[in-house]
Amino acid sequence: MVKKIGVGKAHSKIILMGEHAVVYGHPAIALPLKDIEVTCQILSADKLLVMKPQDPLTTAIFAALQYLEIKNQPISYAISSMVPEKRGMGSSAAVAIAAIRAVYDYFDQELDQETLEMLVNQAEIIAHIKPSGLDAKTCLSDRAIKFIKNVGFADLAIDMDAHLVIADTGIHGHTRQAVEKVEAQEEKALPYLNGLGQLTLKAEKALEAKDAKALGSIMTTAHLLLTELGVSSPEADNLVATALSYGALGAKMSGGGLGGCIIALTKTSSEAHAIAQKLEEKGAINTWIESL
């Protein structure tokens, strides 16, 4: 007897600008990484699945089952992910989206975008306590997303003749510790946070003007401010310096910091591949290239 399989996919994301300042009411811009995917399969099984505490995958599966009012169905799952965990690339949101899509596919149920987003946010709240929703929104979108706390989300159309290199330091990001570190020095941090907010607005204008050179300069300045805040890491600083020394238009850490990824902007695909190779030689454990 052939076992039935339900399949769901999702892509990852990266923060272009605005990390940490977004917590204080400034905008952030996140990009979908459409070629960096997670695939989840739901399979029939001999016993019931057990939910693991604070696990976005099983949490998402149970959120979907509960919403569909499906009980006592023995299923299992298989996950294949190109998205590293705890690197600021939206791993938990992407896994949750793929899992929910797989559950709906397995039970031959229609899944609209509104329900999917609601279920993903449910899973993210259990996994992360107070998520902004930006990861879920961007992993569900084919467009860049601008987010302002207590205001909401807006799509950004990007059609820039440039490429983004994403490089993984190999170190787990520590968003919560980084946020607490900024909070502990709030008075000293505010000028840097305001500066980061202004840079995000300038980055939005550079994107609209398709001005890659200006965007690169803005990214590099943002990295300097994030370093002053104490949320970067030696490994990220090393990769940023490497990208710049080999001709990147700009480079910065991305996400919560104290680990995670850096991003570097280049004009051409060949430049992106050359810089990606140099970053791997200098310690990046993986690199990806995204066309903007």
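The dialogue below takes these features one by one.

Modeller: This is a predicted model, where local features need pLDDT of at least 70, side-chain atom pairs count only at pLDDT 80 or more, and totals for chains, interfaces and linings use all residues. Residues are numbered from 1 along each chain as its sequence is written, and side-chain values use heavy atoms, with hydrogens and water left out.

Biologist: How many salt bridges are there by this rule?

Modeller: A salt bridge is a side-chain nitrogen of Lys or Arg within 4 Å of a carboxyl oxygen of Asp or Glu. The count here is eight. One of them joins Lys 4 to Asp 108, with the closest N and O atoms 3.2 Å apart. Lys 4 sits in the segment before strand E1 (5-17) and Asp 108 in the loop between helix H2 (91-106) and helix H3 (113-128), so the pair ties together parts 104 residues apart in sequence. Helices (H or I, at least four residues) and strands (E, at least two) are DSSP runs, numbered from the N terminus.

Biologist: Which residue forms a salt bridge with Lys 13?

Modeller: Asp 135 does, with the closest N and O atoms 2.9 Å apart. Asp 135 lies in helix H4 (residues 134-139) and Lys 13 in strand E1, so this pair ties together parts 122 residues apart in sequence.

Biologist: Is Lys 13 buried or exposed?

Modeller: Buried means under 20% relative accessible area, exposed over 50%, and partly exposed in between (1.4 Å probe, protein chains only). Lys 13 is buried, at 3%.

Biologist: What does Thr 242 contact?

Modeller: Contact means heavy atoms within 4.5 Å. Leaving aside neighbours within four places in sequence, Thr 242 is in contact with Lys 278, Leu 279 and Lys 282. Thr 242 is found in helix H8 (residues 234-245). Thr 242 counts as buried, at 6% relative accessibility.

Biologist: Which residues gather in the patch of negative charge?

Modeller: Patches are made of residues with over 30% relative accessible area and no salt bridge; like charges are joined within 9 Å, nonpolar side chains (Val, Leu, Ile, Met, Phe, Trp, Tyr) within 5 Å. Asp and Glu count as negative. On this surface, the patch gathers Glu 180, Glu 183, Glu 186 and Glu 187. Helix H5 (175-184) and helix H6 (186-209) each give two or more residues to the negative patch. Glu 180 lies in helix H5 and is partly exposed, at 45%.

Note on methods:
Accessible areas come from the Shrake-Rupley method with a 1.4 Å probe; for residues, only the protein chains shown count as cover. The place of a charge is taken as NZ of Lys, CZ of Arg, CG of Asp or CD of Glu.
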